[in-house]
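Open the model in your viewer and keep the selection tool at hand.

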Amino acid sequence: MIIAPSLLAANYGSLAKEVKRASKSGAEWLHLDIMDGHFVPNISFGPEIVRALRPMSKMFFDVHLMCSKPEILLEPFAKAGADQIIIHVELGEHVAPLIWKIRSLGKKVGLAVNPPTAIALAQPYLNDIDLLLVMTVNPGFGGQSFIYECLPKIQQAREWRKEKGLDYRIEVDGGINFQTVSDCAHAGADTFVSGTTLFGSRSLKAAVTKMRKVAQTACR
Ligand code: DX5
Ligand code: ZN
């Protein structure tokens with residue numbers, strides 16, 4: 001079980017402090033949402049911010065690119081300190097070369113699927129990825145409600161993984177709270193991105209511990 005607080009929900013006025021807070025929380029990963037104002041109707045931050053935050057934490061940097069032209073951003077984010085780069089399956093014919101490029105930069109590869117997109121579109125790439133991200137809200141903003149219709153996709157991802165003897169992680173992102181984390185873990189997710197619920201807690205550490213416990217209990 002990996003818990004990945006999403007920096008999108010942190011206080012942008014004191015990002016360095018927030019990253020240190022996440023670092024001390026017991027969470028293994030930090031999820032970094034990159035929005036370009038085109039693929040999604042919002043803008044977050046770029047590689048220079050990631051570069052500035054990198055020395056403040058040993059956490060695994062999980063960089064989620066919600067961008068129409070990730071090809072121009074892969075190298076900058078790799079150099080800035082990303083450990084994994086997630087691109088979206090909605091990019092169609094660009095997906096295969098993007099996966100190859102991320103790999104060639106020596107980074108782990110994630111592939112994300114938006115709520116309206118069929119999970120079958122990800123199937124041809126399963127051999128080539130380290131993580132499949134099942135989006136559980138339409139990307140663009142934190143604080144949205146979990147879309148329950150996405151749960152069967154998590155089950156499908158788990159079935160394929162077993163059938164094919166693969167070992168990609170199954171991540172969920174969007175509307176993850178102490179209830180939905182349980183539903184997702186039960187369906188087969190093992191990696192949980194959570195912004196509002198975790199960063200909104202007075203003790204991030206207690207919230208991470210609680211979220212992990214709920215997830216572990218649900219998949220027993
Ligand atoms: C949504 C982002 C998420 C977001 C999740 O566009 O990809 O990572 O930060 O935030 P919450 O947990 O608030 O739904
Ligand atoms: Zn994300």
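Which residues are closest to ligand 1, and how many surround it? Select ligand 1: 20 residues surround it, and the closest are Asp 33, Gly 140, Asp 173, Gly 195 and Thr 196. A residue counts here if one of its heavy atoms lies within 4 Å of the ligand.

This is a predicted model, in which local features need pLDDT of at least 70 and side-chain atom pairs count only at pLDDT 80 or more, while totals for chains, interfaces and linings use all residues. Residues are numbered from 1 along each chain as its sequence is written, chains are lettered from A and ligands numbered from 1 in the order in which they are written, and side-chain values use heavy atoms, with hydrogens and water left out.

**Ligand oxygens**

Stay on ligand 1 and show the side chains of Ser 6, His 64 and Thr 196. An N or O atom in the side chain of Thr 196 lies 2.4 Å from an oxygen atom of the ligand. For Ser 6 the corresponding distance is 2.8 Å, and for His 64 it is 3.5 Å. Ligand 1 taken alone exposes 380 Å², and the protein buries 98% of that (accessible areas by the Shrake-Rupley method with a 1.4 Å probe).

**Nonpolar cores**

Next select Leu 7 and Leu 132, the residues with the most contacts inside the largest nonpolar core, which has 65 residues. Such a core is a set of buried Ala, Val, Leu, Ile, Met, Phe, Trp, Tyr and Cys residues joined through side-chain atoms within 4.5 Å; buried means under 20% relative accessible area, with a 1.4 Å probe and protein chains only. Helix α8 (residues 204–218) gives the most to this core, with six residues; helices are DSSP runs of H or I, at least four residues, numbered from the N terminus. Another core, of eleven residues, lies apart from it and includes Trp 29 and Val 193.

Back at Leu 7, leave aside its neighbours within four places in sequence: its contacts (heavy atoms within 4.5 Å) include Tyr 12, Phe 45 and Phe 199.

**A loop residue**

Go to Val 137, in the loop between β6 (131–135) and α5 (151–164). Is Val 137 buried or exposed? Val 137 is buried, with a relative accessible area of 4%. Beyond four places in sequence, its contacts include Pro 115, Phe 146 and Asp 173.

**The whole chain**

Finally, zoom out. The C-alpha trace spans about 40 × 40 × 30 Å along its principal axes. Of the 220 residues, 54% count as buried.

Technical notes
Buried means under 20% relative accessible area, exposed over 50%, partly exposed in between (1.4 Å probe, protein chains only). Helices (H or I, at least four residues) and strands (E, at least two) are DSSP runs, numbered from the N terminus. A polar contact is a pair of N or O atoms within 3.5 Å; within protein, one must be able to donate a hydrogen and the other to accept it, and residues adjacent in sequence count only if both atoms are side-chain atoms.
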